[in-house]
Each structure stands twice: as C-alpha cells, then as structure tokens.
Amino acid sequence: MINIVCALKCEARPLIDHYGLQPRPVDNIKLYQNTKINLVVSGVGGKACASAVKRLAEFQAQPSAWLNIGIAGHGKLAMGTGRLIHKITGPDGLNWYPPSLVLNIGNKLSKNKIDSISLITVDQPEKSYPENCAYDMEATYFYQAAINHQTSELVQCYKIISDNNCSPTDNINAKQVSILIESKLPDIYNIIEALICLHKQSTSKLPAIDITDMINNHHFSHYQKLRLVKLLERLSLLTSQDKVSDLVPKLKSSSQVLTWLENKIKELPVKLT
Amino acid sequence: MIDTIYIEDSVRDHARTREICNRYKEANIIYCQQYTEIFNRKAQNFRIQKQNPALILARKFKNFVLEAPASYGIGGGKNYYFSHMLNCLYDCRYCFLQGMYRSAYYVLFVNYEDFQDGITAITSKPGEEAWFFTGYDCDSLALEPVTGFMEFFSPFFKKNTGAKFELRTKSTQISTLLSQSPLDNCVVAFSLSPDSIARALEHRAPTLEKRINAIRKLQHAGWKIGLRFDPVIYIDGYQEVYSDFFKAVFSKIDAQSLHSVSLGTFRLPKTYFKNIKKIFPDELLFAGPLENISGMVSYEKELETQLLKFCESNIRDYISDKIYFPCT
C-alpha cells in the first residue's frame, strides 16, 4: 500500500483518473483510493500537508509507504522536468535527506533512472530561485510528518517543475498543472512500484501469532502472554509452520503450556537454513 | 557499486574526497553539513539500506584512537583500535554493527593523517608495547580499492616499528599488501567460518576457499597471518562441521608460521541483539539456544562450554598453545 499526498486537486486529478481512485468519505480529509493507493489532497502549505499526513496515518492500521507528488519551481530546469528529491531544506534552515535508495530499486527504475535534486521549502512562493535547487511549499512538512509513521527510505518526494526564470509562477494554472503531472505518469508509476516493492521487503516476515484460543483456555499473566508469543514465534520459525498453536496438546495450565513449548523447542534441531 | 555519495562540507575539497568522486563519476553527489545528519537520524531501516548503501565522506574530529575492549588482544601489552570507516561491505548476520548503528551507509573518515597523529601520540610515550587494531567498525581491507587505507598506512606502519598493528578482514583485496614487502609489525587476521555457516550467515563475503587462497598468497609473500575463529556458531552436528573445517584450513595453510589464532562463540550485547532481531525477525540464528547473562546474549552456558571445548581441543592439534588466544 502507498499513500500519495498532493497539495492541489489539479495535481491529484491525473492520478485519480489513471489509477481509477474512488473518493472515500473520511472526516477532514479528501481521500481517494483503490486497493493499493491512498491519495489525499491536502490543500496548499506546510501545515495543511502535515495535518493531512497525520490524519491519513491515524486512519490506517498498518504503516504504508509515502509519496509527495507536486509541482515546484526551479531557476534552471525546464518546465515539465520530473525529479526525485534527495535533500530538503526547511524554512527553518534544517536539512532532511530522503534516502535515494528508491532510485535504484527494480529493473524498470535502473533502466529509466530518475534524477534527483535538492529542494527548499518556502512559506511564500519563490519567484527569484536564488539557489540551484527546486522550491516548493510542502515537502519539508510532508517529510517531517511522514517519518513519524514510516522509515525514511519509504518516504519520498517527486516534483515536477512548473515554473522557472522564463515562466514565472503567475503563469501557472490548474489545467497546465494537470498536464504536467499527466506527462510524468510513467515515472510516477515506476516510483510507486519501487516503493511498494521496498515496503514489502521492509515488513517482518514472521507470521502473526494468534493466541486467542490459548488464552481462552488458560489464564496467562501479562508476562506469560509475552513469553507465550515469543515461544510460539520461535517454534514457528524453527518448524517453518504458520499455525504452531495447533501443535500444542491439551494441557492443564498455562505454565504447562509454556514448559511444553520450551521442551519442544529444545528437541528441535539447531540449524541455520 | 556506489551510486550515492554524501559529502560533508568540511571535506568537500579534501584530496581523498576528490579521488573517490573521480572513481565514481556517475554517482549522485549530495552535500551535507555533518555526516551525523544522515547517519544518526531516526526512522532508518538498516535492512533496506544494506541493499545498496550510500557512501558518506566525513571528517573525524576527536577520539581517533580508542582503548580496545578488555576481551580484545592477542597477547600484547596495551590494546587500542581505530576506525577510519564505519560499517562494512559484507552483510554478516551475527555482526554487532547491525545493532549498533541506525544506518547501513558506509562512513569514511578521509582525514587519515589525524588517525596517524593519534597513534603517534600513544607510541611516542615510553612504556609497554601497544597494539592497534583496525577492522573493529569495518572490514580493514574490503573497500581498499576505494579507500586506499593500506596504501596510505603501510609506510606509516613501516616507520613506526614500535607499534603493532592488526588488520581484521574477510576480504581478498590483498593486492596492496602483495605489492610491497611484508611489515614485521603487522598481522593480517582473517575471520574464518565453515563453508556451510559462511554461506548461511556471511552474506556477500568471499567464500572460505577464496579467503584461504588469500591467506596462502600472503603467507607465501611473508606476511604474518592471524586466524580468527570468531564467532563459532552452534548447529546440530557442529562436531563434524568444525572438525572438517579445521582439518581443511590447517591442511591448506602453513600452521607453523601463524602469528596467532583466536576463538570465540557468538555473542552480542543485549541491546544490539534486540535491535538486530527486530531487523531480521526471520533469522534462524536468533531462534537458537541463546540466553541473556548480565546484558550479553550468547549460547546457553552448557552448550557454549561444549562448543568452545570441542573447537579448542581441535585447534590445539594444529597449533602451539603460545599462539592461541580464546576470546571471552
């Protein structure tokens, strides 16, 4: 699953159409989704963006990968240029470094490498582009908010240049923005796939241990429950079986269950593969 | 191999920085104020980063040479270590670095000269013999073509005959060593494990056969060699696995000319163990018969004693007691 955050509806529109995202009524956020994408339209500015990230994260049971897609200005790059962001400087001057690992994951991306640049987040639109980097109004706030819910490798920003020294911000209109985003759908597809792939790899491979039946049958103290889960996880790993609780015979007490598990694990061969 | 290089502002114009950037012309260069902005930040996933670590070029400002932990040592007087680099090219599942650092990126401190000054400050004081270990926070040789570490330090070691040095490695990057005369005060210490264990746990490291070939070449050239059977890993049938392993190793190298052999079982500080287990919850090594005693996770005492005794008695068939150093 991936969470995409756009500031403007016109930035989100091509993605909503392309991925067939359906609006979902959730309090205080404009959410669109399908089976693998949640897209939220946050509104312009840092506070709105951070708040949208927070609300979307709270709404989810499992943490997802995060991607901020939007327009940015740059003094030198041509309009329509797409770039991942490898360094974000906030209005407070602090720096953030989204790991660029995502650039190199998967055959598609290594064939169609997406370049990355630095970006400065400003609170007011930047019209003179003093540094050789992109300027936006959300990335810092997005990144800071998202890494509270996910590891930084899975939090990325992709920006499409919408204004530069030849074409100032005043020229931007909603239709143009949608066209710019639409033109970069192949890159966006690659980034989404790479992030989803990384997200799968980062997730624990241990099966979830269900102890409901066991704690219904016997009284386990808090400490015993923790011990029970640990022993069942270990047994699952050593036996390569998911439903290890089924292996435990009917016993009289919780301490007998724990002892049985400890002895069972001791009997198993110690191996590395 | 390296496609992203972060460069600390303080070493932007350092000659070693320029050399490395020239080597990786295609790499994405990102400047930062301090390496810790990247290396120490929260919300990092060591496991994901290990797939394709970036290189961080930085300057170390203090603590160039540190006293080695009490268990470190191969019979010398005072033991010190220094780390020109943090993190390792290899991905050994038992390695404490995975639990110690938040990031898997390689940090290279390019101001080698300051490490040398730190060593000189210690060796210039009259007193007992001092050993300096490298390869504590990284493999000493694995990134030699990039770092030029030995190329730079060899003349220094050669000049400072009063000091002893150990390079700890699993690497076969030995061409810098073979291109020069062996140094009398330098030991090249190879970490070795049985082939089946190395394949299961020492990801991306050279095979046992390749390491033994490197040892043979270095011995032939006159370099002093140390063997580090550390960590020894408990598995079912370890007796056969380890006796075959020792037999194979000692039949292929010159045991008589070995400088030292050390032996230790798998052990990790509890906090590192917990961190590593979180990153690799599906690793069978961590589901083994381990226990926590006084903040150190290691094999259950009885098993550990059996394992150590067995390996020790095997090793002593091939070497003299004088060069044997158990790790505790």
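## A tour from the interface to the hairpin

Start by selecting T151(A), which is buried at a relative accessible area of 11% (buried means under 20% relative accessible area, exposed over 50% and partly exposed in between, taken with a 1.4 Å probe on protein chains only). Before you move on, a note on what you have open: this is a predicted model, where local features need pLDDT of at least 70 and side-chain atom pairs count only at pLDDT 80 or more, while totals for chains, interfaces and linings use all residues. Residues are numbered from 1 along each chain as its sequence is written, chains are lettered from A and ligands numbered from 1 in the order in which they are written, and side-chain values use heavy atoms, with hydrogens and water left out.

**Stop 1: around T151(A)**

T151(A) sits in the loop between helix 4 (139-146) and strand 10 (155-163) of chain A. Helices (H or I, at least four residues) and strands (E, at least two) are DSSP runs, numbered from the N terminus. Now show what surrounds this threonine: leaving aside neighbours within four places in sequence, T151(A) is in contact with A43(B), Q44(B), N45(B) and I48(B), where contact means heavy atoms within 4.5 Å.

A polar atom of the T151(A) side chain lies 3.3 Å from the backbone oxygen of A43(B). The backbone nitrogen of N45(B) is 3.1 Å from a polar atom of that T151(A) side chain.

**Stop 2: the whole interface**

Zoom out to both chains. Here 36 residues of chain B are in contact with 33 residues of chain A. Together the chains bury about 3000 Å², 56% of it on carbon and sulfur atoms; buried area is the accessible area (1.4 Å probe) that two parts lose on being put together, summed over both.

How many salt bridges are there between chain B and chain A? The count is 0, a salt bridge being a side-chain nitrogen of Lys or Arg within 4 Å of a carboxyl oxygen of Asp or Glu. For polar contacts, the count between the chains is 15 residue pairs, both residues at pLDDT 80 or more. Such a contact is a pair of N or O atoms within 3.5 Å; within protein, one must be able to donate a hydrogen and the other to accept it, and residues adjacent in sequence count only if both atoms are side-chain atoms.

To color the chain B side, select strand 1 (4-8), strand 2 (28-32), helix 2 (36-39), helix 3 (46-49) and helix 9 (195-201), the elements that give two or more residues to the side touching chain A. Strand 2 of chain B provides the largest share, 4 residues. By class, this side of chain B has 19 nonpolar, 9 polar and 8 charged residues; Ala, Val, Leu, Ile, Met, Phe, Trp, Tyr, Cys and Pro count as nonpolar, Asp, Glu, Lys and Arg as charged, and the others, Gly among them, as polar.

**Stop 3: the open sheet of chain B**

Switch to cartoon view. In chain B, 5 strands form an open sheet in the order 2-1-3-8-6, with mixed pairing. Strand 2 and strand 6 (85-86) of chain B stand at the edges with a single partner strand each, so one side of each has no neighbour in the sheet. Two strands pair if DSSP finds at least two bridges between them.

Walk across from strand 2 of chain B. It pairs with strand 1 of chain B in the parallel sense over 5 bridges, and C32(B) is the bridge partner of E8(B). Strand 1 of chain B then runs parallel to strand 3 of chain B, joined by 3 bridges, with I5(B) opposite L55(B). Strand 3 of chain B in turn pairs with strand 8 (residues 106-109) of chain B over 4 parallel bridges, where I56(B) has V107(B) as its bridge partner.

Which residues cover the two faces of strand 3 (residues 55-58) of chain B? L55(B) and L57(B) lie on one side, I56(B) and A58(B) on the other, and all are buried.

**Stop 4: backbone details**

Select N87(B), whose phi is near 85 degrees, positive in a residue other than glycine. This asparagine lies in the loop between strand 6 and strand 7 (91-92) of chain B and is buried at 1% relative accessibility. R204(B), also not a glycine, has a positive phi of about 70 degrees; at 45% relative accessibility, R204(B) counts as partly exposed.

Next, find the cis peptide bond joining D230(B) and P231(B), with omega about 10 degrees. P231(B) lies in strand 13 (residues 224-232) of chain B.

Finish at strand 16 (residues 290-293) and strand 17 (residues 296-299) of chain B, antiparallel and joined by 4 bridges. Their hairpin has 2 residues between the strands, and S294(B) takes a positive phi near 50 degrees there.
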